[in-house]
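Hi everyone, thanks for coming.

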Amino acid sequence: MKKIITLLSILMLTMLCGCSNSNTDLLTEIQNRGYMVVASEGEWMPWTYHDETTDELVGFDVELSKLVAEKLGVEARCEEAQWDSLLAGAKSGRYDMVFNGVDYSDERAESYNFTDGYVFTTSVLVVMTDNTDITSFDDLKGKTTTNSIGSIYETIATDYGATVVTGDTFADTIMIMGRGDADATINSAETVGAYLKEVPDAPIKIVDQTEGNAICGITRKDASTESFVDAVNEALNELRDSGELSALSIKYFGLDITNN
């Protein structure tokens, strides 16, 4: 009997601890541990990538996450994962925040809490230079594009009637198009510009673009993350007001894209 009571006591304690952890305010938890876990791909220049000389993880979103963490009085600990794993990790709470050029969408807002937009980008349609069949997004119907699965670019492509094959990085999508396995790819104008700066002779061209999209940080959709999102928004506003956000944009994109 005593053993049964003891086992029941342990079970109840475990359940109570689990409930307590799930309801812990994320901002308080982060401040108590002294760091926030930030995730990005690490292969998407100029947002998040590795310096060719030092192999250090750098980029606009990497540096931004460190500035935001500093405003919160903690350290930013950066982890890397592929795109679909970033979304899954944000949803499960493995990552406190994903800073990885994430576009806001109403569909995503059903699953994640978003920060305010900190930069605003346009999505561009890219094809090989010898492609004369695709001159606008309307021409994607019945064609094949290559993009990260689960990305806003996949959504754009399928909305226009295209079939999407997986390409994890922008460089991957160029190779996939080059060997004839896809007709086009979609990405941010800033990413394509950075790629063409590095590879000026790349046989690609931009044929169309969308209106501006808000780029935000995301975390799990839970009441416990709301104060954390508020604190991040406050930090972003301070960085905007001080001019640091604008300077960071110019550093990595060559222009200020912090206003819509």
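**Two helices, then the inside**

Let's start where two helices touch: L26, L27 and I30 in α2 meet S227, F228 and A231 in α9. How do you describe a meeting like that? For two packed helices, you give the angle between their axes and the distance between those axes. Here the axes of α2 and α9 come within 6 Å, and they cross at roughly 70°. An angle from 65 to 115 degrees counts as roughly perpendicular, so that is the word for α2 and α9. And remember as we go that this is a predicted model.

Stay on α9 for a moment, and find N233, which lies in that helix. Is N233 buried or exposed? Its relative accessible area is 12%, and the cut-off for buried is under 20%, so N233 is buried. Apart from its neighbours within four places in sequence, N233 is in contact with T115 and D116.

Now for the core. The largest nonpolar core has 46 residues, and the ones that touch the most other members are F60, L64, V68 and L72. Several elements each supply at least two residues of this core, among them α2, β1, α3 and α10. Which element gives the largest share? That's α9, with six residues. There is also a second, separate core of 15 residues, and A39, L86, A109 and F114 are included in it.

Let's zoom in on F60. If we skip the neighbours within four places in sequence, F60 is in contact with quite a list, including P46, W47, Y118, L248 and F253. Keep W47 in mind, please.

Next, the aromatic rings. You describe a pair of them by the distance of the centres and the angle of the planes. The model has nine aromatic pairs. One of them is W44 with W47, which is stacked, with 5.4 Å centre to centre and 25° between the planes. Both W44 and W47 are buried. On to W47 and F60: this pair is edge-to-face, at 6.0 Å centre to centre and 85° between the planes. F60 is buried, and so is W47. Step back and you can see one aromatic cluster, formed by W44, W47, F60, F99, Y118 and F253.

One more ring to look at, and that's Y35. Which charged residue has its end over the ring of Y35, 5.2 Å from the centre? It's R33. R77 lies over the face of Y35 as well, at 3.8 Å from the ring centre.

Last stop: T173, in helix α7. T173 has a relative accessible area of 2%, so this one is buried. T146 is 27 residues away from T173 in sequence, yet their C-alpha atoms are 5.7 Å apart in space. Leaving out its neighbours within four places in sequence, T173 is in contact with T146, N147, G167 and T185.

That's my tour. Happy to go back to any of these spots if you'd like another look.

Terms used. Residues numbered from 1 in each chain as written. Predicted model: local features only at pLDDT ≥ 70, side-chain atom pairs only at ≥ 80, totals over all residues. Heavy atoms only, no water. Phe/Tyr/Trp six-rings, centres within 6.5 Å; stacked < 30°, edge-to-face > 60°. Buried < 20%, exposed > 50% of the residue type's maximum accessible area, 1.4 Å probe, protein only. Lys NZ or Arg CZ within 6 Å of the ring centre and 35° of its normal. Core = buried A, V, L, I, M, F, W, Y, C linked by side-chain atoms within 4.5 Å. Helix = DSSP H or I, 4+ residues; strand = E, 2+ residues; numbered from the N terminus. Contact = heavy atoms within 4.5 Å. Axes fitted to C-alpha atoms, helices over the stretch in contact; angles between N-to-C directions. Parallel < 35°, antiparallel > 145°, perpendicular 65-115°, else oblique.
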